[in-house]
Every structure is written in C-alpha cells, then in structure tokens.
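Reader: I would like a close look at a single part of this model, with the cut-offs stated. Please put it in the context of the whole chain.

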Amino acid sequence: VESSLLAAGSMCGSSIAPGGGDGTMIKGDAMLAMRADEFESRRKEVCKVACEVVIRGGRNGPALLPTLLVGGFGEGSVTASLRLALAIAQNGSEEQHSKLALSGLLVPVSDLLKASLGRGDLYKFSAALALVRFCGPYVAAGTNGGVQSVRDAIKVATNVLTLPINPSASVEQIETQESLKSECISALESLSKNAALWSAISTDALPSIVAYLHSSCEPGSGGISLPETRSSALRAVLQIVQVPSHALAAADAGLAEPLGRMLKGNNALRARGQEVDEVMQVLAVEVLHVLVARPESRRLCGLLQGDTLRAVCAAIAYSASEQASFHSDTMANLVVLGLEILHFALGEVEAAAGGDTALVLQSAGAIAFLDAVASEARFIRSLCSTLLLKTDMKIKCHESENESDSMLDVPRLYGAPLPLVKEKCAGFENTHDAAAAVLFASSVFACAIESHKSKAFWEHALLQDLHKIQEVSECLRASSTLCAIYLRLLTEDYVGFVPRSERGRQDYDGLTRPLVRYRLLEAMKTSLDELTTESVLGHTEIDVYMLSLLVHFNVPHICLSVWKDPALLELSYGLIKAMVEADPDEVLHLFVESKEAIMSLFDLLNLDQSTEALIKVSEIQRFLATTLEKLAQSGMLTDAVEKFGVRSSAIAALAAACLSEEEQSADDDEELTSNKLASGLMQTLVELCAVESKDGKKRIELSSFEAVSIAKSLGKKICHMVISRFLERAKLQQYEIEDDEEIMEAPDVSMLCAIAQYESALQVLRSIGGLHAIAQVAGEGEITAVLALQKGCKEDPSLLLEADTYASIVSLFSSEKEHSHWRQDEKSRATVETAAFELLAQLCMASSKGRVSVAGADDFQNALNRGLEIVSNVVPESSKEEDGDTLAEKDVKDDEAPMEPEDEGTEKKEETNEQWQDDKPKPGESLITKVEDPKLLAAAYSFLSAMTPVPSARV
C-alpha cells in the first residue's frame with residue numbers, strides 16, 4: 001500500500017522525494033509555483049484520476065484518503081498518503097481541492113496538525129498546514145465535520161503566531177519560526193475566503209494576527225518579519241472586517257495601532273529614499289478605512305491618539321511624489337481611501353463637540369487633528385499644490401502686449417499635487433475637492449488654535465520653512481499665488497470649503513471663513529511689502545510677478561468683498577492702500593471691473609463711523625474718496641457706472657458720504673473746505689455726471705429727477721460748502737494771504753450751478769435758503785447762477801433781500817472785477833450784465849425797499865454808471881440834453897414828494913414809463929444809431945427806469 005501510494009504521489013508530480021520529508025518544511029507559496037513543462041497536462045490528468053480514486057469509500061464508509069491518513073492501512077501509509085494529498089493539492093485544479101475538502105480529508109489533517117506541532121515534526125506540520133490552506137476554503141457547514149476541523153486548525157495556527165522569539169535561539173531557528181508564522185498567516189488568508197470561517201477567524205485568529213502585526217512593527221523586528229507576510233495578514237483581515245461585528249472586534253483588538261505603525265515605517269523608508277512594500281501600504285490603508293468607516297468601530301480605533309492619522313497624511317503625501325512607482329490605479333485608490341479616513345477623523349471631531357463650531361475649534365480632537373496634519377510638511381504642501389492646480393500653474397503678465405508671452409509660470413515649490421480621481425471621495429465628486437476640504441479644516445484649526453503646531457502649519461503652507469534653502473522671493477511669489485487662489489475660491493464659495501449643513505454654513509459665513517481670510521490677507525500684505533522696493537527716483541515699485549498676480553486675481557475686488565467683516569476691515573484696507581499707492585495705474589481699473597466691486601467701493605465709502613477698527617474710519621473714507629476721484633478723472637468710473645447701470649446708486653452713495661462728514665467731530669473746523677473729504681467726493685460726483693461736449697469741454701448733465709434728488713439730499717451741504725469758500729477767501733484777503741484756489745473751479749460750485757438750472761431743483765434750493773449761495777456764485781460772473789436767481793425770484797423778487805443777496809448781483813459792476821475773465825469777452829460780459837440788470841430791475845420795480853437796498857449797495861454807483869453808459873451809447877446828444885432837463889425836473893419833484901408806499905410801485909412804474917415815452921424822439925425825427933445788443937440795452941433801460949424814484953439815482 002505504501003509503495004502504491006508513493007508511486008501514485010510521484011505520478012501526480014510530488015516535489016518531495018519518497019521517504020525524504022523529515023526535517024523538510026513545506027511552503028505553500030512554493031507549491032503554487034506551477035511547473036510549466038511538457039508533463040504539465042499529464043500531471044493534471046493523473047491528479048484528476050487519483051483524486052477520484054482516493055475520495056471513494058465503501059458502502060456508508062469513509063473515503064479512502066482520510067482512512068489512510070488516520071493509519072487505517074498501517075503507520076507507513078500515513079506519510080505516503082500525506083505525500084499523495086500534497087501532490088494532488090499542488091498540481092490539481094480547484095475542483096480537486098474542493099473534492100478533497102468534501103471527502104472529510106481535513107478531519108485527520110487537523111488532528112495531524114495539532115499532533116505534529118506537539119511533537120515538533122516540521123514536515124508533517126507544514127504539510128498538514130498546506131492542505132488546510134488549499135482545501136479549507138472549500139469546506140461547507142455540516143459536511144463530514146470539515147468546518148469544525150478547520151476551526152480547530154485555525155486555533156493551532158494562531159498558537160504558532162503568538163509564540164515568542166527566544167533571544168538565545170540561533171538565527172536559523174528564528175528564521176524557521178518566522179517562516180512557520182508566515183505559513184500560518186498565508187493559511188489564514190486563504191481560509192478567509194470562506195465566509196463560513198469568518199466567525200472562527202475573528203474570534204480565534206484576529207487577536208493573534210493583531211499581536212503578530214504589533215510584534216512585526218517593533219523597531220528590532222524589521223529584518224525578521226517579511227513584508228509579504230504582513231501583506232498576507234492584512235488581506236486575511238480585510239476579508240473578515242467587511243462584516244460590521246468583525247470590524248468592531250478588530251478595532252477592539254487594537255488593530256488600528258499596528259496599521260499606523262506599519263504606515264509610519266514605510267514612510268520612514270521613503271523619507272530615506274529606500275524601497276518599500278507599496279502593496280502592504282495600500283492594504284494597510286484599506287483595512288484602516290474599513291475600520292473607521294463605521295462609527296462604532298471608529299471610536300475604538302483611536303484615530304486622534306497616537307501616530308496613525310499622521311502616518312495616513314504622510315502616506316497620502318508620498319503617493320503624490322514622483323518617487324511613487326506603483327500602478328496609478330493603486331495610487332489613486334490609496335489617495336481616495338486616505339482622504340476619506342481624514343474626513344472620518346474630522347467627523348469624529350465635530351461629533352464630539354455636538355456640531356458646535358466654536359466648541360470644535362477649542363476641542364482636544366481639533367488640536368490632535370491639527371498636530372497630525374501640521375507634523376507632515378510634505379502633506380500640507382501637497383494639499384496646497386493641489387489647490388494651485390486651479391491656476392493651471394500660470395498667471396497672466398499685466399504688462400505683456402504679446403499674447404504668446406503674456407503668461408508667467410507659478411513657481412513650483414510646493415511639490416507634486418495629489419492625483420485627480422474622478423470618483424466619489426468623502427461625499428465629494430473627486431479627490432481634489434476632498435483634499436480642499438481637508439486643507440480648509442486644517443487652516444481653520446491653525447487659525448483658531450494657538451500652538452507651535454499652528455505656527456508650523458502656516459510655515460509649511462506659506463513656504464516660510466524653505467526660506468533658508470530656496471530663494472526668498474520665489475517662496476513669496478509661490479505662497480502669494482496660493483493665498484490669491486485660496487481667497488478667490490473662498491469668495492466663490494468653492495464646494496470643497498462650504499459645509500453641507502445649514503448650521504455649518506452659518507458658521508462658515510460668520511466664523512471659519514473670516515478666520516482663514518484674515519490669515520491669507522495678512523500673508524498677502526507681508527509678501528507685497530517684501531516684494532515692493534523703492535527705486536532710485538524715490539518711487540515705489542512692485543515686483544512684476546506680484547503686480548501681475550494682483551491684477552490676474554483681481555485682489556482689490558477680493559478685499560472689497562470682505563471689508564464688511566470688522567475683523568478684516570483694517571487688513572483689507574491696508575492691502576488696498578498698499579496696492580494703489582505702489583502702482584495706481586495698474587490696479588485702479590480693478591476697482592470698477594464688476595458691478596459688485598463698484599458697489600462694494602461705494603458701500604465702504606459710507607462705512608459706519610461707529611465701526612471699531614484701529615484705523616479711523618475717516619482715514620479710510622478719505623483714501624477711498626481720493627481713489628474714486630482718480631477713477632472719475634480717468635473716465636473709468638463713469639464708463640463703469642454706465643456699463644453696469646448703477647448711476648443712481650453711485651450718486652446716492654457719494655451724496656451720503658458727503659453728508660457723513662457732518663456727523664464727524666468738529667476738530668477739523670479750521671480745515672479749508674478744499675481739503676475736506678466732502679470736496680473730494682464732490683469732485684468725484686461732478687466727474688461722474690460730466691460729459692464732454694463738441695468743443696472739448698466737460699459739462700455736467702443731469703436729468704430733472706437726478707437734479708432734484710441731489711438738491712434734496714445734498715443741497716444744504718453744497719450751499720454750505722460754497723458759502724464757506726467765499727468766507728475763507730475773505731478771511732485770507734483780510735490777512736493779505738494770497739489764495740491759490742479759484743472758487744469758480746470748485747466742484748461744489750459747479751454742482752450748485754448745474755442743479756439750479758432745473759426749476760424743480762431750484763425750488764428745493766430756494767426752500768432751504770440756497771439762493772444766497774447761488775448769489776455768491778453769481779457775483780463771480782457765473783451766468784448760470786445769475787439765470788438761476790432770475791428763475792428763483794421770478795414770483796417773489798424780494799427774496800433777493802434775504803441775507804443781502806442783491807449785493808452779490810450789484811457787485812458784478814464793481815471796478816475790482818474789471819479783470820475778471822467774463823469781462824474780457826464782450827459776449828460773455830453782455831450776457832452776464834443783461835441778466836444782472838434784469839434781476840435788479842425786477843427787484844426794484846417790485847418794491848421800494850428793494851430800490852432803497854440796491855441804491856445803498858457799495859457798488860450801486862458803478863452799476864448805475866454802467867447802465868447810463870449803455871443807454872447813452874444809443875441816445876442822440878439833443879435827447880441827452882432834454883433827458884437831462886427832464887431828469888433834473890423830476891429830481892426836484894421827487895425831492896418835494898414823499899416816499900411812495902410799497903403797494904404804489906406798479907403805479908409809479910407806469911408813470912415813469914410814460915415820462916420816458918414822452919422823452920423819446922417823435923415820429924419823423926432823425927435818429928441814426930447802431931444798437932449792438934438790444935437785450936443789454938433793454939435790461940439797462942429797465943434798471944434805470946426802476947431806479948428813477950430813488951433821489952440818489954437821478955442824474
């Protein structure tokens with residue numbers, strides 16, 4: 001029998017010599033190596049036939065092979081039958097493996113395994129273990145006691161795993177023991193494919209596997225434990241932990257810790273440039289992912305304790321490195337699972353604080369998470385590098401005219417980015433979005449938590465730790481690019497940053513986003529200061545790349561979009577100011593490139609005075625007023641306002657800002673009007689409303705509605721500014737100080753004249769006492785102001801008597817204004833004087849009080865002389881003498897007559913007109929003269945006629 005069995009085993013292709021098994025260790029992996037030769041098909045056929053023979057049994061009796069193994073045909077047949085079974089297992093197909101398992105073979109094999117371990121029989125133990133490995137996956141419950149036998153074999157194998165290493169043992173003995181453990185692990189891996197055995201593996205083998213992995217990660221065991229063995233153990237565990245109860249058991253057994261230590265060991269090898277078992281690394285991440293995917297087992301993993309989370313971060317980072325040599329699909333899988341593990345950890349942090357963001361930011365979990373992330377500089381840079389991909393690693397050069405040369409490369413100092421895997425990852429659509437969420441959460445923690453790890457995080461993220469080994473300017477350019485794209489994505493509410501819950505979104509808007517924005521703006525400001533130099537000529541110059549960056553990402557708009565947060569006001573203002581002052585020509589247009597930017601600019605202009613900030617609100621408003629004035633003068637503001645249809649909003653905002661100055665303290669009462677904030681704002685308003693005419697001059701154009709709106713909201717302020725300018729000029733003249741400013745060029749004067757041209761707006765000005773201001777302007781020869789007074793006083797000329805408004809009109813004829821610009825042009829002079837005479841005539845004809853007031857004005861005689869001069873130029877000499885006699889006679893009569901009452905003005909006027917009519921040349925008389933300006937003549941004539949009742953006015 002023994003000989004037959006030996007012969008059959010040899011025919012089946014046994015690799016063990018007959019009777020030569022003592023001291024030999026059977027290795028399953030060696031049995032898997034199929035011999036590809038011309039006898040391969042014959043071996044398979046023989047194995048098939050032999051298997052059919054040995055699994056047969058008698059009536060109701062056991063199969064032949066199990067009987068042989070228990071010594072049913074003598075002790076000598078046991079070894080031979082074991083050799084035959086190994087040969088069939090080695091060279092037969094899976095069908096033969098299954099038939100052997102179902103024949104009841106594993107019952108005696110399990111007993112043999114246990115007995116040989118006790119006797120120290122290496123050959124029989126390893127042979128029996130190999131049979132368990134190949135046939136065990138095919139046993140089924142209730143079949144010849146197969147399942148129970150395999151369970152017994154599992155217990156034996158786990159006992160081997162827990163055997164301690166004898167320090168005094170030889171190297172050969174230690175290697176043999178490790179090989180036995182490796183075979184046990186391989187057998188358990190194979191058995192894990194049978195779901196009927198998961199419970200037994202979880203209960204009996206799992207603690208031993210965890211213990212083995214623990215021991216294999218000890219610092220001194222690196223050369224003993226084989227990476228392949230650990231990979232095999234991980235594959236076995238990965239099979240059974242798919243069941244929640246088994247995952248919980250694995251976590252409870254402390255499996256997460258050795259997984260983290262295995263990853264850490266691999267990361268250390270990578271850091272030294274050594275090769276690592278990348279398959280084992282991916283398996284470790286897969287097993288850990290299964291454990292932490294469920295809340296119950298996650299809590300037992302202690303992710304936030306120890307180095308496991310940090311090891312995961314490092315593993316992800318190395319997967320993005322050019323050093324990674326394994327297949328791209330495997331690398332992608334590691335990144336997906338690794339990022340999900342980090343998100344599970346974040347979920348644990350939030351859950352521990354009940355979802356309250358304020359509590360989360362100060363929790364021990366947040367501190368632990370930050371410590372793990374901040375400890376891995378490579379990981380932080382890989383996250384930053386991934387975010388930088390949003391720029392395509394290029395920005396547009398602001399000064400390049402050639403499109404092909406208009407792009408600047410972003411310095412590649414952050415290293416390789418994480419691979420883009422377009423599949424679900426932690427609830428996001430791809431790995432890049434998931435990575436951005438980890439970066440944002442870490443940034444928030446680093447802003448809210450004061451620790452050396454927070455400092456380390458920002459040093460890594462902003463490349464400050466590379467300043468000693470890289471060019472500082474390049475580091476600043478790269479980090480500024482990161483800050484710019486980060487800020488833009490925050491403004492756009494990038495999906496990777498925005499929480500999904502409503503409560504989280506509220507905290508994002510009010511707490512977490514402002515925290516990160518502040519740090520990024522601060523970094524941008526620092527980089528801008530560092531990359532701004534002073535030229536030989538004393539001008540500040542911004543680094544070309546930095547300036548291109550500011551323009552490319554429209555950083556001014558970003559700053560304007562965040563100013564409403566008081567915590568960001570000072571920083572955003574400082575950054576805007578630095579940009580504008582350094583190179584206004586390149587950045588000013590950014591303030592008006594969108595409707596949102598313009599409206600933010602106007603909103604900031606009307607910042608609440610009570611806003612708490614280190615910088616005075618008035619300083620911010622003054623700077624913005626100057627900026628708006630520059631934009632208006634260049635035409636950019638006007639074009640943008642028209643483009644985006646916000647003219648009314650712009651006017652309202654500027655008006656409100658002008659009025660806000662009144663609410664400020666009175667410390668600046670001595671400040672000249674031209675130096676006040678309102679003057680600059682008014683200039684901007686004028687530029688905004690001005691259009692260029694055909695003659696190249698700019699004129700203010702307003703609709704009736706706009707004029708009324710400005711008059712109602714800003715009329716009082718404008719009038720106050722105008723009158724203040726005249727008072728200031730008078731004060732300067734009193735002290736004989738030369739005034740360098742021309743009042744008529746003041747923006748408030750221009751605006752006053754513009755709105756006064758509209759009847760409805762003029763009525764508003766009249767109701768607030770604005771005629772006095774208009775009269776002051778009219779006194780400078782501004783025809784629009786004089787005409788406005790005419791309209792305003794048409795119904796009630798006596799309004800000119802208020803605040804001695806008439807005196808401004810009479811002063812137009814003063815000899816001191818002989819050199820005024822309007823007097824140098826005959827047409828302008830005629831227009832102004834015509835309106836002035838008409839206005840005075842209306843007042844004097846309306847009331848005796850008006851005549852007396854005008855006659856008492858300082859420059860009345862000059863006005864009278866000018867009227868007589870105009871009239872005398874068209875009256876013949878004879879008429880002059882007659883007129884003189886007539887006037888003299890009238891003078892006497894008037895001296896004798898008492899002053900007429902107010903209501904007799906109209907009657908007296910008619911009487912006077914009749915007298916002048918009598919003095920006119922009779923029909924048929926010769927009168928040869930040329931009337932150059934009939935309107936001026938008529939106006940002068942009316943004025944003289946109106947003044948004849950006044951004795952001092954008669955010639």
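Among contacts in the chain between residues at least 6 apart in sequence, what percentage join residues at least 24 apart? Then take helix 1: which of its residues are buried, and what covers them?

Author: The model is predicted, so local features need pLDDT of at least 70 and side-chain atom pairs count only at pLDDT 80 or more, while totals for chains, interfaces and linings use all residues. Residues are numbered from 1 along each chain as its sequence is written, and side-chain values use heavy atoms, with hydrogens and water left out.

For contacts (heavy atoms within 4.5 Å) between residues at least 6 apart in sequence, the figure is 74% for those joining residues at least 24 apart. The chain has 955 residues, and 53% of them count as buried; buried means under 20% relative accessible area, exposed over 50% and partly exposed in between, with a 1.4 Å probe and protein chains only. The chain contains 47 helices and six strands, taken as DSSP runs (H or I of at least four residues for helices, E of at least two for strands) and numbered from the N terminus.

Helix 1 spans residues 2-11, and its buried residues are L5, L6 and G9. Viewed down the helix axis, these buried residues fall within an arc of 100°, so they line one face of helix 1. The arc is that of the directions from the helix axis to the C-beta atoms. An α-helix has 3.6 residues a turn, so residues three or four places apart point the same way. S3, S4 and M11 are exposed on the other side of helix 1. The cover over the buried residues of helix 1 includes helix 4 (64-69) and helix 5 (76-91). After helix 1 comes G13, with a positive phi near 95°.

For comparison, here is a helix pair elsewhere in the chain. Helix 28 (residues 566-582) and helix 31 (residues 617-634) have axes that come within 11 Å and cross at roughly 35°. Those axes are lines fitted to C-alpha atoms, for helices over the stretch in contact, and angles run from 0 to 180 degrees between N-to-C directions. From helix 28, L569, Y573, I576, K577 and V580 meet E619, I620, F623 and T627 of helix 31. By class, this contact of helix 28 with helix 31 has six nonpolar, one polar and two charged residues. Here Ala, Val, Leu, Ile, Met, Phe, Trp, Tyr, Cys and Pro count as nonpolar, Asp, Glu, Lys and Arg as charged, and the others, Gly among them, as polar.
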